[in-house]
Amino acid sequence: MAAPPSFLWTRRIFLTALTVFVLLPVYVMLSSSLKPLEDVSDKFQWIPSGLTLRPYADIWETVPLADYFVNSLIVSGAATVCSVVIAVFAAYAVSRYDFRGKRVFTVTVLSTQMFPGILFLLPLFLIYVNIGSATGIALFGSRGGLILTYLTFSLPFSIWMLIGYFDSIPRDLDEAAKVDGCGPIGALFRVIVPAAVPGIVAVAVYAFMTAWGEVLFASVMTNDTTRTLAVGLQGYSTLNDVYWNQIMAASLVVSVPVVAGFLLLQRYLVAGLTAGAVK
């Protein structure tokens with residue numbers, strides 16, 4: 001049965017308004033990044049009177065954006081790899097085997113998502129400082145310390161998500177792999193992991209995006225040499241002036257890796273987020 005015209009017009013109006021609402025901030029960022037600082041500081045003009053690419057060149061000189069970019073890539077990439085590897089083994093064990101404390105483990109992993117991140121900031125800070133004083137291992141202000149910090153809130157979600165995805169994979173595949181001579185590890189890497197690629201990709205995208213845009217822990221756990229992009233953008237605001245055009249340009253530049261990765265992996269991401277929800 002065809003939808004009534006009133007419904008079609010309502011849907012069109014709603015989708016148009018939603019599209020404008022989503023794209024309007026992007027247009028403001030893009031137009032502001034192409035204006036001289038004087039034009040951005042004055043009253044906002046929807047149609048720029050003059051365009052320039054100078055802000056995109058200045059962003060690399062005003063602050064060491066390239067160094068922040070490298071730090072973010074290293075921290076986000078390492079946190080993603082560690083989250084995926086550990087979550088695959090942990091989720092496979094919970095999904096396929098019964099052991100003492102299994103329910104307690106799953107409830108504990110899920111319950112960690114109930115607490116706000118700021119609750120762990122001071123304890124982690126004290127732990128890192130005390131470890132550095134006692135052993136000489138510099139976790140505070142280092143990339144390694146920030147990677148461990150990101151694992152505290154990306155790993156529980158990754159494990160919980162992969163448990164649901166592995167549960168949706170028939171156990172007959174494990175039995176068939178054992179018949180062919182595979183052990184538990186062989187069945188995991190030869191059968192389960194290839195079948196769970198969408199779920200693993202979804203976990204990897206979540207872990208990377210979480211680490212890439214995190215501000216709270218990065219602003220406390222880093223120094224001038226290990227600062228990430230999310231914190232480094234504050235360098236465009238000085239005591240004398242705020243370089244709004246460079247802030248907008250830098251924000252667009254640092255968004256490119258995440259947006260490009262999301263578009264490339266969108267098919268796997270949607271499948272991974274929905275497959276584990278229905279058994």
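Trainee: Is Ser-251 buried or exposed?
Mentor: This is a predicted model: local features need pLDDT of at least 70, side-chain atom pairs count only at pLDDT 80 or more, and totals for chains, interfaces and linings use all residues. Residues are numbered from 1 along each chain as its sequence is written, and side-chain values use heavy atoms, without hydrogens or water. The relative accessible area of Ser-251 is 17%. Buried means under 20%, exposed over 50%, partly exposed in between (1.4 Å probe, protein chains only), so Ser-251 is buried.

Trainee: Which residues is Ser-251 in contact with, leaving aside neighbours within four places in sequence?
Mentor: Ser-251 is found in helix α13, residues 244–264. Helices (H or I, at least four residues) and strands (E, at least two) are DSSP runs, numbered from the N terminus. Contact means heavy atoms within 4.5 Å. With those neighbours set aside, the partners are Met-29 and Leu-233.

Trainee: Is α5 parallel or oblique to α7?
Mentor: Helix α5 (residues 102–111) and α7 pack with axes 8 Å apart, at about 125°. Axes are lines fitted to C-alpha atoms, for helices over the stretch in contact, and angles run from 0 to 180 degrees between N-to-C directions. Under 35 degrees counts as roughly parallel, over 145 as roughly antiparallel, 65 to 115 as roughly perpendicular and the rest as oblique. Therefore α5 is to α7 oblique.

Trainee: Which residues in α7 do Phe-105, Thr-106, Val-109 and Leu-110 meet?
Mentor: Those four residues lie in α5. Their partners in α7 are Pro-156, Ile-159, Trp-160 and Ile-163.
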